[in-house]
Amino acid sequence: MEKHHLSRRRFIGSGAIAATGLLLLSKHSFAGALLNSADKPNSLVNGVQIGVITYSFRSMPGTAEDLLKYCIDCNINAIELMGDAAEAYAGAPKRAGAYGRPQTPEETAANADLPKRLAEWRASAPMDKFVELRKMYKDAGVKIYAWKPNALGKKNTDAEIEYAFKAGKALGVSHVTVELPDDEQTKRLGDLATKHKMMVGYHAHTQATPTLWDTALSQSEYNGINLDIGHYSSGTSSSPVPFIEKYHNKIVSMHIKDRKFNNGPNAPWGTGDTPIKEVLALMKANKYKFPATIELEYNIPAGSDAVKEVKVCREYLVSALS
């Protein structure tokens, strides 16, 4: 059952760690500090796994260690991990220069060559750092159930795509996620997913329709749906509940957000037209096992931050499941 609030020990402990400069610790010291905590995060509520996509923290520092701390602060024990943090942890080539200033000629040349260097790195990248990252999160009580690498596009080589599946296995995920491409690319991804026995969850925005995923689903048993109920509701101006009932066995994970109908904007949860509470009630009643992934996309209010707002979203889901 859900603990409706952070324990006093974790709250005081996380504050003390932050105050003493947690991010200055080595990776192993960081994991050790978390491992020694008496409490671990828990966001499994009445049989429904609440998770978060780390994109939600995009307005904050985004190292793998940062993201893990945010999850613990939010009392969330399961995530969809965006690819950049994991690849940076594993030593992938990085963009040269700093954002917010003009690039030097040398930086411009290096960045023009970055896709090639990334492809070469991915083709031969060892998996040990991904295994290490998985262990760091697991020791802290956080499961990585999905990751979204920038290696599954039409311009990526087969070696890069195969790397994405191998790294996913090293991270311990059940599926990778990607924006829904054209039919040719879903066939290509589905074939490679079949080879690696790992699901691909295709994500759509407001182009979603009740039949949008049918071709991809027909191409491979390893092609699945990463449904976003906010985008679906906004794009179709209707409830996603009938879609979920029909396709629940092909949904690998589901993004939760609130949006207005008729391609309307993102909204603080409970103020839009997305039937979040009805969807959560459906998941609870039918014991669906795919996670409900918080995706923070509404504008963060003045005086707040992404961690505080993810906590608000989490509590909204807890209330809906209680």
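A: Buried here means under 20% relative accessible area, exposed means over 50%, and partly exposed is in between (1.4 Å probe, protein chains only). The model is predicted, so local features need pLDDT of at least 70 and side-chain atom pairs count only at pLDDT 80 or more, while totals for chains, interfaces and linings use all residues. Residues are numbered from 1 along each chain as its sequence is written, and side-chain values use heavy atoms, with hydrogens and water left out.

The site is Gly224, which lies in strand E7, residues 223–228 (helices, H or I, are DSSP runs of at least four residues and strands, E, of at least two, numbered from the N terminus). Gly224 has a relative accessible area of 0% and is therefore buried. Beyond its neighbours within four places in sequence, Gly224 is in contact (heavy atoms within 4.5 Å) with Met199, Val200, Gly201, Tyr202, Trp213, Leu217 and Lys250. Ser253 is 29 residues from Gly224 along the chain, and the two C-alpha atoms are separated by 9.1 Å.

Burial also describes helix H3, residues 64–73, which is mostly covered, with 10 of its 10 residues buried. Among them are the charged-side-chain residues Glu65, Asp66, Lys69 and Asp73, as well as Leu67, Leu68 and Ile72. Just after H3, Asn75 takes a positive phi of about 55°.

Two helix pairs follow. For these, axes are lines fitted to C-alpha atoms over the stretch in contact, and angles run from 0 to 180 degrees between N-to-C directions. Angles under 35 degrees count as roughly parallel, over 145 as roughly antiparallel, 65 to 115 as roughly perpendicular and the rest as oblique.

The axes of H13 (residues 276–286) and H14 (residues 306–321) come within 9 Å and cross at roughly 55°, so the pair is oblique. Ile276, Lys277, Leu280 and Lys284 of H13 make the contact with Tyr316, Leu317, Ala320 and Leu321 of H14. By class, this contact has 6 nonpolar, no polar and 2 charged residues (Ala, Val, Leu, Ile, Met, Phe, Trp, Tyr, Cys and Pro count as nonpolar, Asp, Glu, Lys and Arg as charged, and the others, Gly among them, as polar).

H5 (residues 105–112) and H6 (residues 114–124) pack at about 50° with their axes 4 Å apart, and are therefore oblique too. Ala110, Asn111 and Ala112 in H5 meet Leu114, Pro115 and Arg117 in H6. That contact has 4 nonpolar, 1 polar and 1 charged residues.
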